[in-house]
Amino acid sequence: MKIVIAPDSFKESLSAPDAAAAIARGVKQAYPGARTVCIPMADGGEGTVEAVLAATGGQWRTSQVRGALGEPVQASWGWLDDGTAVIEMAAAAGLEQTPPAQRDPLRASSRGVGELLCAALDAGARRVILGLGGSSTTDGGAGLLAALGVRFLDAQGRDLPPGGGALPQLHRIDTGQLDARLAQVRIEIASDVDNPLCGPQGAAHTFGPQKGATPDQVTLLDSGLARLADLCASHLGRDPRHAPGAGAAGGLGYAAHAFLNADFRPGVEVVAELGKLAQAMEGAALAFTGEGRMDAQTLRGKTPAGVARIARQAGVPVVALAGSLGEDYPALHAGGITAAFSLAPGPVTLEQACDNAAQYLCDRARDVMQLWLAAGKRML
């Protein structure tokens, strides 16, 4: 019996590979003869590189870049044998890297992400996959573009300081030194965000408060993004500020649309393709997926929904295991998830849940398999 195991990470407790291994242990406890196929998953946020490398056997690489506030950061990224580089924005400008008391939404810059992209170009990458989840910035990707040679100048011809808070002072854009190697590279953006750059649904208003921005700062950041889009539209002759995903990662999605000619794809779709999830589903009797929390929002591009979509195409039932289930979780059934279960065996603290997540996953997977096998015997 072939069982496919394709979970996302369980935030603050288990990586996707570790979660897959825990589920596989439970399956084997119930049915030692099962053939488990583990394909760790992600949706473009933190853990994307780890999931891709675990699924493909790629290599870890590390580059020193500037963090969101200019501090040196050792950022890890991935390299695949076919010349594909896999980068997470969160590795260079992630919100989790900066303690809440030190966050500065006006100064946070995406320059380190651009430096990671330069490292990939230096390595000879022919394709770059960039996951946009977990960002701390709202600079419209100006920092990334500055690392690639674009200059953002004020009225006196001086380079703007880093961060979205300086963008209202933008007077001119100089693309004369934009890295020419970009024209030879295919760039794919892995993201499940479809927000525009500006306005009530834009990067600043939707995500700024999560990054520590006050209402006044949100207004300032939004005006800066609009200023950036106005000048870029004049300079480039096109205006992608309303393109789906332009507001992703504090507007870095806009820079990818405007300057990198990037293709935007759901992150889970990219990871599933690299891990050959569809091929793994062929001939499977059952599939497991999961993540830390699941509710109706899971259907909007999150890993379990993507796994369920692929499993449904192959006619494979899917069981989802989650740290917690929202009250509206039955909506997941319409998305192709056959059944969903929370992990905790009873009332536990969040700390206990995180500390024991691997054992809980193993136990619930074992229980599901025992029920599955019992039901199968009754049908024979």
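Is P40 buried or exposed? With a relative accessibility of 4%, P40 counts as buried, a label used for residues under 20% relative accessible area, while exposed means over 50% and partly exposed lies in between (1.4 Å probe, protein chains only).

## About the model

This is a predicted model, in which local features need pLDDT of at least 70, side-chain atom pairs count only at pLDDT 80 or more, and totals for chains, interfaces and linings use all residues. Residues are numbered from 1 along each chain as its sequence is written, and side-chain values use heavy atoms, with hydrogens and water left out.

## Overall form

The protein has 13 helices and 13 strands, which are DSSP runs numbered from the N terminus (helices: H or I, at least four residues; strands: E, at least two). Its radius of gyration, taken over C-alpha atoms, is 22 Å, close to the 21 Å that the globule rule gives for 380 residues, so the protein is as compact as a globular protein of that length; the rule itself is 2.2 Å times the number of residues to the power 0.38. Of the 380 residues, 54% count as buried.

## Two nonpolar cores

A nonpolar core is a set of buried Ala, Val, Leu, Ile, Met, Phe, Trp, Tyr and Cys residues joined through side-chain atoms within 4.5 Å. The largest one has 62 residues, of which V128, F152, I187 and L260 touch the most other members. Apart from it lies another core, of 29 residues, including A51 and L80.

A contact means heavy atoms within 4.5 Å, and, leaving aside neighbours within four places in sequence, L260 is in contact with residues that include L117, L144 and I187.

P40 sits in the loop between β2 (35–38) and α2 (48–56), where, not counting residues up to four places away in sequence, P40 touches P7, A16, P17, A51, A54 and V271. The C-alpha atoms of P40 and Q169 are separated by 44 Å.

D154 belongs to the loop between β7 (151–153) and β8 (172–174), and at 11% relative accessibility D154 also counts as buried. Its contacts, again leaving aside neighbours within four places in sequence, are L160, Q169 and H171.

## Helix α7

Helix α7 (residues 215–236) has 22 residues and reaches 31 Å from its first C-alpha to its last, close to the expected 32 Å, a span defined as 1.5 Å times one less than the number of residues. The buried residues of α7, among them V218, L221 and L225, pack against β7, β8, α6 (203–207) and α8 (252–259).
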